[in-house]
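Subject: Structure handover

Hello,

Please find the structure below. My notes on what was found in it follow.

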Amino acid sequence: MIKLVQVFVCIIMLLCTALISTAQEVKPVQFKYDQTRKDDTVILSIKALINPDIKLYSIHKTSDDAPFTTITFDSTATKYVKDSVDEKGKLQTATDTTFHTQVKYYNDSVVWLQKVTAKPSDSLVLKGAISYMYKNGDEYVPAEEPFKFYIQPQQNNTVVSAPVEATNIRHSLWLIFFSAFGSGLVALFTPCIFSMIPVTVSFFTKRSKTRAEGIKNAFIYSLSIIVIFTLVGFLVSLIFGPAALNNLATNWIANLVFFALFFVFGISFLGAFEITLPASWSTQADTKAGMHNVAGIFFMALTLVIVSFSCTGPVIGPLLVLAFNGSFYGPLIGMLGFSIALALPFALFALFPGMLNVLGRSGGWLNAVKVTLGFIELALALKFLSNADLSKGWRLLDREVFLSLWIVIFALLGLYLLGKIKLHHDTELPVNESGLPYLSIPRLLFAITVFTFVVYMVPGLWGAPLKAISAFVPPMGTQDFNASVANNANAVNYSSVPNSNAPHPVKYVDKMKIYEPEVVTKYGMHVYYDYKEALAASVAVHKPLMLDFTGINCVNCRKMEGQVWSNPEVMRRLKEDFIIVSLYVDVQNIDLPQSEQYFSKALNKQVETLGDLNTDRQVTYFKANTQPFYFFLDGDEKRLVEDGYGYDASVEKFIQLLDNVKAKYQQSSM
């Protein structure tokens with residue numbers, strides 16, 4: 001028997017490992033960059049954070065032999081730099097026995113300030129390097145840190161995208177709430193919960209002196225269930241925090257943890273074992289439930305939560321994984337929706353006790369529900385394994401391998417529903433008047449649905465787009481054999497050759513090609529992956545630049561591409577009238593050159609990968625952090641539509657947007 005405590009200890013340890021793996025390596029000296037503007041002057045700030053026992057030497061030399069630090073700018077930036085670098089910090093002075101001279105250093109932190117001249121309309125990139133020396137024990141270590149400051153034109157309204165961001169967050173929270181509510185309804189039909197409904201409600205009606213008191217107690221009981229589960233969501237948010245949750249959603253180690261979580265719960269539902277809490281927990285809670293007051297009712301609800309965890313745990317686990325993709329309030333809202341659905345029958349049956357007669361007994365059909373959920377959780381577990389596989393580029397779960405596994409899993413589920421496969425806790429099918437086993441009509445309809453889904457997936461092994469599940473399966477670029485590539489005549493009908501006079505994308509193409517969604521490969525679109533390369537192409541062909549902030553594991557991105565981009569009128573406009581750059585925010589296996597790495601104030605981390613760079617660009621310049629999100633720029637990098645366009649699968653709205661952008665671009669080019 002697997003103890004729940006042991007399972008969760010392992011999960012927490014693995015999650016901590018995931019977070020630690022994403023942390024930056026502690027360096028003896030770390031740099032943070034900032035800038036402030038006042039009229040035509042921008043003050044560049046470089047702050048050095050110095051580890052204990054490290055001495056970082058000042059920019060002020062005491063003699064020719066003394067170690068020191070220098071801050072230099074490239075030749076292209078010198079005309080904007082005015083005055084000398086100003087140094088602020090607790091300066092220390094001592095005699096160095098090695099250099100036999102007096103030295104100046106810092107052992108805590110130091111800030112260097114440099115004034116530059118930049119008009120409010122200027123857009124500048126100022127590069128330079130910090131050549132510094134620090135002392136670690138008896139060792140003198142020289143080092144160099146390149147930096148790059150982006151000075152953007154001053155705008156009257158720099159937060160225009162914030163309302164759009166807030167709207168997307170609200171949509172995400174509503175999605176989490178209703179998904180959680182649905183999960184709670186599913187959990188009601190598990191044996192642990194279903195069998196306790198009539199027993200619990202009868203308990204309240206019998207112990208109460210009047211019907212009104214029974215209803216009141218049942219409502220307190222239901223409210224206690226909501227409070228307990230919502231408290232779980234609050235603790236998850238409090239412990240992990242919003243930034244960590246978002247990092248976990250795309251971190252490859254975290255996705256492996258989620259895979260293990262789904263897999264363990266899946267085989268538990270299939271009957272391999274039961275996940276239970278230590279008996280002392282439920283015994284202690286049950287003792288408190290005997291109290292004849294509100295506290296006693298609360299502990300009665302706590303007893304239900306603890307005892308029923310073997311059924312609710314496998315549903316709560318995936319729910320929290322979904323909540324990881326929301327904001328700080330994701331787990332809180334998710335558990336609220338789940339608990340409301342779970343508490344609903346207790347309140348209803350307390351109001352209408354006669355309804356208890358229609359429940360019937362919990363029997364084999366409830367176990368069939370549990371096993372069905374087990375098959376579905378095994379299938380969903382593969383999605384998280386696929387996320388980790390795509391993130392690391394292992395190519396273990398290419399598209400056809402993933403589909404093969406799903407076909408087998410759902411085919412076995414169909415056979416189970418038909419009664420051809422028996423598992424450990426299954427009972428025999430009911431028999432008719434002749435003593436022959438038979439299938440109920442609902443079970444037969446479910447089996448037909450499952451086998452229809454299996455047949456639907458089979459053509460995907462040869463490259464069929466499978467639009468209904470394209471958001472869940474790996475991208476088409478991972479498919480080794482694609483029969484639909486030879487039938488690209490439909491793409492030619494939309495537009496013969498996309499932007500034939502534009503330079504072909506080069507940078508990152510070799511590594512990013514496998515992540516291209518099916519709509520790109522099928523219709524022969526030319527998509528860039530580097531912002532600067534795409535901007536140069538936009539200027540060269542005099543067409544607006546469309547920034548597609550997307551992600552490898554972004555479900556809504558695939559929905560938008562499959563439902564909107566693939567529309568013939570949308571595709572024709574995209575190929576003929578726009579230069580498209582797909583900026584993947586979750587690419588962590590492509591490192592930036594050392595000279596292009598920098599510290600992001602918005603992300604509060606060093607930007608070292610292509611995914612970090614794209615995320616920082618979206619957050620810093622567009623004040624948004626959801627995907628998909630589309631922004632449109634002209635050749636001078638000015639927005640053609642101020643607020644951009646988030647997830648909205650309306651073909652008509654998107655066509656109107658593209659036409660509006662094209663008209664504004666042509667007007668600004670006159």
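Ile441, Leu444, Leu445 and Ile448 make a nonpolar surface patch of about 360 Å². Patches are made of residues with over 30% relative accessible area and no salt bridge; like charges are joined within 9 Å, and nonpolar side chains (Val, Leu, Ile, Met, Phe, Trp, Tyr) within 5 Å. Areas come from the Shrake-Rupley method with a 1.4 Å probe, and for residues only the protein chains shown count as cover. Ile441 belongs to helix H13 (residues 441–457) and is exposed, at 57% relative accessible area. Here buried means under 20%, exposed over 50%, and partly exposed in between (1.4 Å probe, protein chains only). Helices (H or I, at least four residues) and strands (E, at least two) are DSSP runs, numbered from the N terminus.

The model is predicted: local features need pLDDT of at least 70, side-chain atom pairs count only at pLDDT 80 or more, and totals for chains, interfaces and linings use all residues. Residues are numbered from 1 along each chain as its sequence is written, and side-chain values use heavy atoms, with hydrogens and water left out.

Aromatic pairs

The whole structure contains 21 aromatic pairs. Rings of Phe, Tyr and Trp (its six-membered ring) pair if their centres lie within 6.5 Å; planes under 30 degrees apart are stacked, over 60 edge-to-face, and the rest tilted. One of the pairs is Phe410 with Phe453, edge-to-face at 5.0 Å centre to centre and 90° between the planes. This pair links distant parts of the chain, 43 residues apart: Phe410 is in helix H12 (residues 399–417) and Phe453 in helix H13. Phe410 is buried at 11% relative accessible area, while Phe453 is partly exposed at 23%. Phe629 and Phe631 are stacked instead, with 5.0 Å between centres and 5° between planes; both are buried.

Phe631 also stands opposite Leu547, within strand E18. E18 runs antiparallel to strand E14 (residues 545–550), and 5 bridges join the two. They belong to an open sheet of 4 strands with mixed pairing, in the order E13-E15-E14-E18. Its edge strands, each pairing on one side only, are E13 (527–528) and E18 (629–633). Two strands pair if DSSP finds at least two bridges between them.

Charges over rings

A charge sits over a ring if NZ of Lys or CZ of Arg is within 6 Å of the ring centre and within 35 degrees of the ring normal. Lys55 lies over the face of Tyr105 at 4.8 Å from the ring centre, and the charged end of Arg617 is over the ring of Tyr531, 4.0 Å from its centre.

Salt bridges

There are 15 salt bridges in the structure, each a side-chain nitrogen of Lys or Arg within 4 Å of a carboxyl oxygen of Asp or Glu. Asp34 and Lys601 form one of them (3.2 Å, N to O). Its partners are 567 residues apart: Asp34 is in strand E2 (residues 29–38), Lys601 in the loop between strand E16 (598–600) and strand E17 (605–607). Asp34 is partly exposed at 28% relative accessibility, and Lys601 is exposed at 56%.

Asp577 and Lys662 form another (3.5 Å, N to O). Asp577 is in helix H19 (residues 568–577) and Lys662 in helix H21 (residues 651–668), so the pair ties together parts 85 residues apart in sequence.

Regards
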